[in-house]
Amino acid sequence: MSSKNYAFFVSITAALGGFLFGFDTAVISGAERAIQEVWELSDWMHGLAIASALYGTVIGALFGGVPADKFGRQKSLLWIGLFYLISAVGSGLAWDVTSFTVFRFLGGLGVGASSVVAPMYISEIAPAKNRGLLVALYQFNIVFGIVMAYVSNYLIGTAELAQDWRWMLAAEGVPALIYSILIFRIPESPRWLIGNRNDEQQAREILTKTDPDGVDEAIRLALEEEKKIKQKGSFSAIFEKRFLPTTTLAIMIAFFNQVSGINAIIYFAPRVFEMAGISTENALISTIGIGVVNLLATFIGLYLIDRIGRKKLMYIGSVGYIISLSLMAYNFLGPGIPSFWLPIFVFGFIASHAVGQGAVIWVFISEMFPNDLRAYGQSIGSFTHWILAAIIANVFPFFANQFGPGYIFSFFAFMMVLQLLWVRFKMPETKGRSLEEIHQNIH
């Protein structure tokens, strides 16, 4: 196998954690209404049960860097796959809202840890010239997982199965098992081997397979950085004065990702469409459209990320967010707009996300931190992303019923104006630079 193909194989295998991330995130949209009816949940309790996975994600994101730093990236990816598997089977068999919440929380731990470990692992093993593309495979797999969850929900939902929502949730167990088996075929991160095991020989063997032209330079830079940092990674270290600019960048891109409203749409798309007067069956079909648009636009983002860079993609996405969210708000607040326009506006929003934030966020955060701090930096960025996702998913049903989606989408549009300003004045470009060079340039 050529070095290019091997680097792709290793990256796509690790990135399959993103497929499970996307599947787990979106599959609940087809089951959430049935869950509320079966256990007769209030809006607040319903929001809590649905958001339980996100609260697990918060914990997984915050602490996922710890085992990844101590035991290695590859071993952590294996445990993530097992968490997904147990969660899928358990959620499908849940006997009450408490057991459902516990199993979904466990799956959330896998999602959160995956968002830390997989992009970090790929960034550490990929050649600099196509690192953006390879890390962005994680986002592609998130989107592909979302599409397959919507398709799975539609097929199961129209098959007239008894308690079809259980089958929707349990379906995730199949890809989770496949992913767990494939993880045994990928190596450990070479930069982790140098930084945590002082194993230059094994790191060189792995890099020879993935980036033969850049082995010596990668080893040299990793060793130089190891000497320069002179400390082991920790959460407290990323908040030291010299690393604070880097940490702030990771937190801000994650913050803006969620206040775009992306998870509100992914989680509650059928409900939003029905509130606009679209039938249940057409609402499910429209969610498949969301997944397809997301997938196609993600291809565009992957194609462009190493060509025009991260910052220009964020410009494109920010402008698209502002336009589409404003139209979505106007669809609910304006006089006499036909409901069939709403899916079109939502598709525009999804495309803007996929090309901009969706393609960039995991790449950008994984590039920001020095090798010894990358696990903890990735954790704080992912933690910010997921704590906001959990809060938004928890309160969205209540606020949507109380005030209507129009005002909520107006708020998201305003936040994207702020994101555009942040990209213009604060966000650096990282295209084509080694991980070590990126960190040096920020400081």
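Here are some notes on this predicted model, point by point.

1. Ground rules. Because this is a prediction, local features need pLDDT of at least 70 and side-chain atom pairs count only at pLDDT 80 or more, while totals for chains, interfaces and linings use all residues. Residues are numbered from 1 along each chain as its sequence is written, and side-chain values use heavy atoms, with hydrogens and water left out.

2. Salt bridges overall. Searching the whole structure turns up eight salt bridges, where a salt bridge is a side-chain nitrogen of Lys or Arg within 4 Å of a carboxyl oxygen of Asp or Glu. Side chains of opposite charge can pair when their charged atoms come close.

3. The R104 pair. R104 forms a salt bridge with D24, and the closest N and O atoms are 3.3 Å apart. R104 sits in helix α5 (residues 97-125) and D24 in helix α1 (residues 3-38), so the pair ties together parts that are 80 residues apart in sequence. Helices here are DSSP runs (H or I, at least four residues), numbered from the N terminus. R104 is buried at a relative accessible area of 2%, and D24 is buried with a value of 2% too. For reference, buried means under 20% relative accessible area, exposed over 50%, and partly exposed in between (1.4 Å probe, protein chains only).

4. I28, also in α1. I28 is found in helix α1 and counts as buried, at 0% relative accessibility. Its C-alpha is 9.8 Å from that of R104, although I28 and R104 are 76 residues apart along the chain.

5. Other charged pairs. D306 and R310 form a salt bridge with their closest N and O atoms 3.0 Å apart, and R310 is buried at 0% relative accessibility. R73 and D69 meet in a salt bridge as well (3.9 Å, N to O), and both R73 and D69 are buried. Salt bridges that share partners join D69, R73, E124 and R374 into one network.

6. Helix α18. This helix covers residues 405-425, which makes 21 residues, and it reaches 31 Å from its first C-alpha to its last. That is close to the 30 Å expected at 1.5 Å a residue, the expected span being 1.5 Å times one less than the number of residues. The buried residues in α18 include P405, F409, F412, M416 and W422.

7. A nonpolar patch. F414, V417, L418, L421 and F425 make a nonpolar surface patch of about 480 Å², and F414 is found in helix α18. Patches are made of residues with over 30% relative accessible area and no salt bridge, with like charges joined within 9 Å and nonpolar side chains (Val, Leu, Ile, Met, Phe, Trp, Tyr) within 5 Å. Accessible areas come from the Shrake-Rupley method with a 1.4 Å probe, and for residues only the protein chains shown count as cover.

8. Cavities. The whole structure has three cavities of 30 Å³ or more, and the largest cavity holds about 180 Å³ of space. Of the 18 residues lining the largest cavity, the closest to its centre are Q139, I142, I262, N263 and H353. Helices that each supply at least two residues of this lining include α1, α6 (131-157), α13 (262-275) and α16 (341-368). A cavity is a set of points, on a 1 Å grid over the protein atoms alone, where a 1.4 Å probe fits but cannot get out, and lining residues have an atom within 4 Å of a point. Grid points are joined across faces, edges and corners, and a volume is the space filled by probe spheres set on the points.

9. Two partly exposed residues. Q163 lies in the loop between α6 and α7 (164-170) and is partly exposed at 48% relative accessibility. Q163 and G92 are 71 residues apart in sequence and 9.7 Å apart in space, C-alpha to C-alpha. I300 is in helix α14 (residues 280-305) and is partly exposed, with a relative accessible area of 45%.

How values were computed: 1 Å grid on protein atoms, 1.4 Å probe; cavity = no way out; pocket = protein on both sides within 12 Å on 5 of 7 lines; lining within 4 Å.
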